[in-house]
Amino acid sequence: MSYLRFEKAVMTNLEESLRRELLRTNRSGAYSASTLVDCNTRKYHGLLVVPVPELDDDNHVLLSSLDCTVIQHGAEFNLGLHKYQGNNYSPKGHKYIREFSCDVVPTTLYRVGGVLLKKEVVFHHYEDRILIRYTLVDAHSATTLRFRPFLAFRSVRQFTHENSTASREYHPTDNGIKTCMYAGYPDLYMQFSKKNEFVFQPDWYRGVEYPKEQERGYASNEDLYVPGYFEMSIKKGESIVFSGSTSAIKTSTLKALFDKEVEQRVPRDNFYHCLVTAAHQFHNRKANDDRYLLAGYPWFKARARDTFIALPGLTLAIGEQDYFELVMKTAEKGLREFMDDKPLSVKLYEVEHPDVPLWAIWAIQQYAKEAGREQGYKKYGKLVKDIVKYILTDGHPNMRLDDNGLLYANGRDKAITWMNSTANGKPVVPRSGYIVEFNALWYNALKFCASLEAEMGDKKFAEKLEKQAELCKTSFVDTFMNEYGYLLDYVDGTMMDWSVRPNMIFPVAFDYSPLNQDQKKSVLDICTRELLTPKGLRSLSPKSGGYNPMYVGPQTQRDYAYHQGTAWPWLGGFYIEASLKLFKRTRLSFIERHMVGYEEEMDYHALGTISELFDGNPPFNGRGAMAFAMNVAEILRAVKLLEKYSYQK
């Protein structure tokens with residue numbers, strides 16, 4: 001039995017199948033995404049979506065979809081599916097789907113009368129190339145396949161509409177054609193492993209509609225250009241491979257290339273393997289060999305904070321220390337350039353946020369636990385020390401170290417924490433002053449750096465850091481710990497935020513904490529009672545003012561809900577770490593039951609990965625981006641922590 005398998009009843013029920021999305025990536029920034037029935041429901045969906053750096057920093061949908069039609073005895077059966085205005089679906093090819101599975105590669109089985117056709121899809125590693133293999137499993141008479149490509153040639157943030165500017169020109173190539181709708185775009189090569197006939201029949205399909213964009217309060221209609229169709233015969237047992245790419249390929253190699261790509265895939269036959277595959281989808285390699293972690297799909301880029309939070313889970317937790325080092329090499333370059341006030345030479349966004357260097361130290365701390373402290377110090381000891389000195393000397397333009405040992409940052413006018421939603425140009429949650437996780441990170445960084453230096457480096461510097469940490473510890477408790485047993489979220493002069501928020505979980509989870517055991521247990525207890533959901537921790541307690549748990553509606557409505565009660569799985573990862581550190585094996589069964597909430601997501605929203613966030617109230621629907629790096633990372637780290645504590649006596 002396949003782990004990710006859906007029978008006809010689910011696939012033909014559009015209410016069920018359209019809410020399930022599928023993502024394929026090539027680790028070079030390009031991707032392919034749609035729903036299980038290949039009906040695009042977002043403007044970000046497309047069969048071939050690629051970066052076009054010559055135009056801008058966005059991805060661009062070149063090939064929106066490829067409709068396959070089965071022809072027998074002159075009768076045509078179109079397997080495609082598009083949504084048009086007025087809730088009209090055409091040509092309703094989903095009714096022919098017999099089953100769908102996604103263990104190794106996404107595989108759809110269609111039955112049309114006596115015809116049984118199998119479709120398998122892979123994205124070529126490190127090349128902007130989508131490969132689709134069609135196999136005629138069974139047929140009782142002569143069968144012909146017709147393929148009609150739907151072209152967009154537009155940014156993922158825009159729509160295309162019928163116009164006279166679009167070029168209809170095309171050029172024959174090896175078993176296919178190449179075409180380009182607009183200047184500045186790369187050519188799109190559409191080729192098959194078998195000789196075929198291309199019939200030039202240009203037309204615009206008007207009024208294609210994307211319901212996900214409607215839900216989000218955006219425009220939702222576009223027109224797609226179809227240059228014509230490819231047609232070829234196929235025999236029982238025969239396979240035909242389609243290639244859609246920005247470069248030509250020798251079509252005699254397509255079948256072998258498809259087999260090679262399948263061999264490289266990790267089977268998604270259980271929860272853990274799904275997460276490992278999902279982790280690899282965030283890998284991003286640039287032409288200059290810089291390595292990044294994308295923050296999520298389909299619209300996120302490589303963000304600095306997300307990179308450092310996600311890095312241990314996406315690499316160390318699955319035994320991929322080498323990729324940690326590759327990403328950290330690129331990220332360190334960006335960090336040092338920022339600290340030296342030099343222009344960034346790397347594509348690492350939001351590196352200017354004050355907590356970013358502190359999260360970098362936390363990531364290195366996880367590396368040292370995995371690779372050994374000596375190795376950690378050898379590779380990253382200087383970076384850790386330089387970051388700590390940078391902060392001690394008030395090097396950051398928006399963060400200062402006060403006499404009480406706490407870090408102060410101004411977030412009143414611009415969002416500077418992970419709670420970064422804005423409305424009307426202002427932060428929805430204006431976290432400013434002494435921010436709880438900034439100072440928990442600072443205490444942790446001081447103690448970690450001091451321990452490394454005392455053991456392998458500058459012992460005098462270590463003593464200085466220990467004194468600084470002690471001052472920070474005293475002030476932290478005095479400033480944030482309140483009489484109700486939880487931590488204030490931020491304190492700015494006389495302004496104290498009493499909201500119950502999940503940021504107080506970090507000092508409980510970190511290896512070095514300014515809190516004593518009783519204080520940790522009190523904080524964890526509040527988080528458990530008021531913030532814990534099956535999908536992670538809520539961003540705000542239901543008992544706090546402004547609770548808004550449903551991430552739905554137009555942009556402004558969603559902005560006000562983004563961090564006001566929605567649930568985030570990555571926060572759940574730190575909650576699990578805190579629980580296991582405090583209660584060890586006695587909390588194992590509780591945590592294992594909690595993990596079921598994440599495993600349920602494997603076959604629901606985006607197959608095999610975790611959505612960006614979830615509603616804070618039942619049924620805790622997944623929202624936002626279809627895949628989010630920090631969520632996948634922290635669940636993977638939690639899996640490893642569970643394994644560690646399970647074997648402890």
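**Opening question: Glu350**

Does Glu350 count as buried, exposed or partly exposed? At 26% relative accessibility, Glu350 counts as partly exposed; buried means under 20% relative accessible area, exposed over 50% and partly exposed in between, with a 1.4 Å probe and protein chains only. Glu350 is found in the loop between α7 (321-339) and α8 (356-371). Helices (H or I, at least four residues) and strands (E, at least two) are DSSP runs, numbered from the N terminus.

**Basis of the report**

The model is predicted, and local features need pLDDT of at least 70, side-chain atom pairs count only at pLDDT 80 or more, and totals for chains, interfaces and linings use all residues. Residues are numbered from 1 along each chain as its sequence is written, and side-chain values use heavy atoms, with hydrogens and water left out.

**Backbone features in loops**

Most residues other than glycine have a negative phi, and most peptide bonds are trans. Glu350, however, has a phi near 60°, a positive value in a residue other than glycine. Lys92 also has a positive phi, near 65°. Lys92 lies in the loop between β8 and β9 and is partly exposed, with a relative accessible area of 42%.

The loop between β8 (88-90) and β9 (97-101) also contains Pro91. The peptide bond that joins Ser90 and Pro91 is cis, with omega about 5°. Another cis peptide bond runs from Tyr297 to Pro298, where omega is near 10°. Pro298 is located in the loop between β22 (296-297) and α6.

**Helix α6**

Helix α6 spans residues 304-314 and is mostly covered, as 11 of its 11 residues are buried.

**Helix α13**

At the start of α13, a side-chain oxygen of Asn516 comes to within 3.2 Å of the backbone nitrogen of Asp518.

Which residues of α13 are buried? They are Gln519, Lys520, Val523, Leu524, Ile526, Cys527 and Glu530. Seen down the helix axis, these buried residues fall within an arc of 155°, so they line one face of α13; the arc is that of the directions from the helix axis to the C-beta atoms. On the other side of α13, Asp518 and Arg529 are exposed. The elements that cover the buried residues include α11 (459-480), α12 (506-509), β30 (532-533), β31 (536-538) and α15 (569-583).

**Aromatic rings and charges**

The structure holds 40 aromatic pairs. Rings of Phe, Tyr and Trp (its six-membered ring) pair if their centres lie within 6.5 Å; planes under 30 degrees apart count as stacked, over 60 as edge-to-face and the rest as tilted. One of the pairs is formed by Tyr551 and Tyr562, whose ring centres are 5.4 Å apart and whose planes stand at 40°, so the pair is tilted. Tyr551 lies in the loop between β31 and α14 (555-561), and Tyr562 in the loop between α14 and β32 (567-568), so the pair ties together parts that are 11 residues apart in sequence. Tyr551 is buried at 9% relative accessible area, and Tyr562 is buried at 11%.

Charged side chains also sit over rings: NZ of Lys or CZ of Arg must be within 6 Å of the ring centre and within 35 degrees of the ring normal. Arg285 lies over the face of Tyr126, at 3.9 Å from the ring centre. The charged end of Arg587 is over the ring of Phe590, 5.7 Å from its centre.

Arg431 is in the loop between β26 (426-427) and β27 (434-435), and at 1% relative accessibility it counts as buried. A polar contact of 2.6 Å joins the side chains of Arg431 and Asp489; such a contact is a pair of N or O atoms within 3.5 Å, where, within protein, one must be able to donate a hydrogen and the other to accept it, and residues adjacent in sequence count only if both atoms are side-chain atoms.

Ser239 belongs to strand β19 (residues 239-245). Its side chain makes a polar contact of 2.7 Å with that of Thr135.

Terms used: Contact = heavy atoms within 4.5 Å.
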